[in-house]
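Subject: Handover of a structure and notes on its contents

Dear colleague,

Please find below the structure that I am handing over to you. My notes on it follow directly.

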Protein chains: 2
Amino acid sequence: MTPMNWLDQIKWDADGLVPVIAQERSSGDVVMFAWMNREALARTEALGEAVYWSRSRARLWHKGEASGHTQTVHEMRLDCDNDVVLLKITQNGHEPDQPGIACHTGRHSCFYQRLQQADSVEWQAVEPVLKNPEQIYK
Amino acid sequence: MTPMNWLDQIKWDADGLVPVIAQERSSGDVVMFAWMNREALARTEALGEAVYWSRSRARLWHKGEASGHTQTVHEMRLDCDNDVVLLKITQNGHEPDQPGIACHTGRHSCFYQRLQQADSVEWQAVEPVLKNPEQIYK
């Protein structure tokens with residue numbers, strides 16, 4: 001009997017995708033959320049760097065291919081329903097001893113908007129831009 | 001001019017849903033991934049506890065309604081594309097000074113399967129069951 005391939009255990013959605021959470025191993029920060037198809041997940045495992053499926057561009061997206069901000073993958077986790085993947089990563093590409101930049105806005109994490117109670121309840125950007133995106137995507 | 005409602009800023013998907021990541025504030029552990037519709041997110045904000053949309057049951061799901069394992073929400077974050085929400089939570093309902101149980105299997109986190117290289121590459125359960133699910137869902 002052939003053992004079941006680890007890729008076959010994933011419950012791919014109707015579009016053949018699985019949601020993926022990228023968490024920084026050192027800080028525990030959740031820095032990004034994206035999607036993978038079967039080929040993206042296989043390449044991520046083979047390469048040891050995150051390769052996503054870009055839904056907007058409808059193609060494989062080796063994270064950092066344009067920015068240089070690659071993600072080294074240390075560990076992959078799968079949830080109880082086999083339909084969500086969690087990556088433990090190191091976010092590369094910024095100056096040493098500086099927080100890594102995962103977000104295309106030049107911020108450490110994509111989750112930089114916090115719901116706050118001011119005059120009304122509103123989303124406010126609460127994390128600094130570490131590098132001008134124009135300097136990242138030259 | 002009426003200010004834009006914070007719920008209107010969310011880019012709901014074709015099914016009117018947004019993916020939600022639940023991260024434990026104390027440990028940084030990602031314990032769960034689920035979905036919310038507009039009403040679920042509004043209730044979460046009003047209640048201060050996580051209310052999801054159960055896609056399998058097609059109804060609102062106040063996390064912990066059956067298990068007692070509610071999630072106190074301390075903070076809500078939104079990503080750069082306005083289409084993913086991150087919750088900073090406390091996972092309630094287990095014995096004091098014990099890790100909270102988020103997973104229906106009785107484990108701390110739903111992400112308890114790790115990709116490992118053994119004879120072949122495979123997903124292996126690497127986190128203990130803290131409480132028998134039969135004792136949780138009585």
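A:Ala46 is exposed, with a relative accessible area of 66%; exposed means over 50% relative accessible area, buried under 20%, and partly exposed in between (1.4 Å probe, protein chains only). A:Ala46 belongs to helix H1 of chain A, residues 38–47. Its C-alpha atom is separated by 18 Å from that of A:Ile21, a residue 25 residues apart from A:Ala46 along the chain.

Please note that this is a predicted model, in which local features need pLDDT of at least 70 and side-chain atom pairs count only at pLDDT 80 or more, while totals for chains, interfaces and linings use all residues. Residues are numbered from 1 along each chain as its sequence is written, chains are lettered from A and ligands numbered from 1 in the order in which they are written, and side-chain values use heavy atoms, with hydrogens and water left out.

Chain A as a whole

Chain A contains two helices and eight strands; these are DSSP runs numbered from the N terminus, helices being H or I with at least four residues and strands E with at least two. Read from the N terminus, the order is β-β-α-β-β-β-β-β-β-α. The C-alpha trace of chain A spans about 60 × 35 × 30 Å along its principal axes. Of the 138 residues in chain A, 48% are buried. Among the contacts in chain A with a separation of 6 or more, 43% join residues 24 or more positions apart, where contact means heavy atoms within 4.5 Å.

The nonpolar core

The largest nonpolar core has 78 residues, and those touching the most other members are A:Ile21, A:Tyr52, A:Leu87, B:Ile21, B:Tyr52 and B:Leu87. Such a core is a set of buried Ala, Val, Leu, Ile, Met, Phe, Trp, Tyr and Cys residues joined through side-chain atoms within 4.5 Å. Not counting residues up to four places away in sequence, B:Leu87 touches several residues, including B:Ile21, B:Met36, B:Tyr52 and B:Val73.

The contact between the chains

Chain A and chain B each contribute 38 residues to their contact. Together they bury about 3,300 Å², with 64% of it on carbon and sulfur atoms; buried area is the accessible area (1.4 Å probe) that two parts lose on being put together, summed over both. On the side of chain A, the residues that lose the most area to chain B are A:Arg77, A:Phe111 and A:Trp123, together 22% of what that side buries.

Individual residues

A:Asn82 is not a glycine, yet has a positive phi of about 60°. A:Asn82 sits in the loop between strand E5 (71–78) and strand E6 (85–91) of chain A, and counts as buried because its relative accessibility is 16%. In chain B, phi of B:Asn82 is likewise positive, near 60°. B:Asn82 is placed in the loop between strand E5 (71–78) and strand E6 (85–91) of chain B.

B:Ile136 lies in helix H2 of chain B, residues 133–136. With a relative accessible area of 7%, B:Ile136 is buried. Leaving aside neighbours within four places in sequence, B:Ile136 is in contact with B:Ala66, B:Ser67, B:His69, B:Ile101, B:Gly106 and B:Lys131. The C-alpha atoms of B:Ile136 and B:Ala58 are separated by 23 Å, the two residues being 78 residues apart along the chain.

Yours sincerely
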